[in-house]
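Have the model open while you read.

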Amino acid sequence: MIEYVRGELAELSPAYAVIDTGGVGYGLNISLNTYTAIQGKKEVKLHVYESIREDAYVLFGFAAREERDMFLLLISVSGVGANTARMILSELSPAELCGVISSGNERVLKTVKGIGLRTAQRIIVDLKDKIASLGITGEVPQETAQQADMVNKEVKDEAVGALTMLGFAPAPSAKVVVAILKEQPELPVEQVVKLALKQIK
């Protein structure tokens, strides 16, 4: 069992990171929260969840142990798989998600792709008592502060690439991303992806 991976950050996109440890590159699926936390760093440590199936061996990486703990709680809920849990943690921080669950705010959960009313209600019912054990203080979801300007084309390409890796078709992803950047050209890539996730259904 891999508990964590520490090493040089060799590659990074909003949905995927490669960490070079002793000459071995570990590819890990990440959330936007983790992307924001490790962006710009040379050496990183990611807590790991191993998804082992008959047809695939996939690693998920988390910058904070609390995010992995929340991920594990999410995938314990019937109907919530690893990719859906990552999608939820790309839209909400662990603290924001705790706040949503504690307050029973199913409306916010329903904005995540793949989460319908029943699944949102199930997450709240199943996890409301369990999240207390994580020791995370709940917060009201809000947009993070805008970060440094990036070249428009670079943001577009990275955002579309991230959405494609999350399972969306390239053409509609590009259409939504371009529309977002036309209105808010100064947005960093992680914010563009967050907005796009709410618009692509």
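## Around Arg86

Not counting residues up to four places away in sequence, Arg86 touches Ala15, Asn29, Ile30, Ser31, Phe60, Phe71, Met165 and Leu166, a contact being heavy atoms within 4.5 Å. This is a predicted model, where local features need pLDDT of at least 70, side-chain atom pairs count only at pLDDT 80 or more, and totals for chains, interfaces and linings use all residues. Residues are numbered from 1 along each chain as its sequence is written, and side-chain values use heavy atoms, with hydrogens and water left out.

Arg86 sits in helix H3 (residues 82-91); helices here are DSSP runs of H or I with at least four residues, and strands are E runs of at least two, numbered from the N terminus. What does the side chain of Arg86 reach at 3.5 Å? That's the backbone oxygen of Ile30.

UniProt (unreviewed entry) puts "domain: Helix-hairpin-helix DNA-binding motif class" at two spans; such annotations may be inferred rather than shown by experiment.

On to the core: Leu74, Leu97 and Ile123 touch the most other members of the largest nonpolar core, which has 61 residues. Such a core is a set of buried Ala, Val, Leu, Ile, Met, Phe, Trp, Tyr and Cys residues joined through side-chain atoms within 4.5 Å, buried meaning under 20% relative accessible area (1.4 Å probe, protein chains only). Helix H9 (residues 189-199) supplies the largest share of this core, 6 residues.

How values were computed
Polar contact = N/O pair within 3.5 Å; in protein donor to acceptor, adjacent residues only side chain to side chain. Buried < 20%, exposed > 50% of the residue type's maximum accessible area, 1.4 Å probe, protein only.
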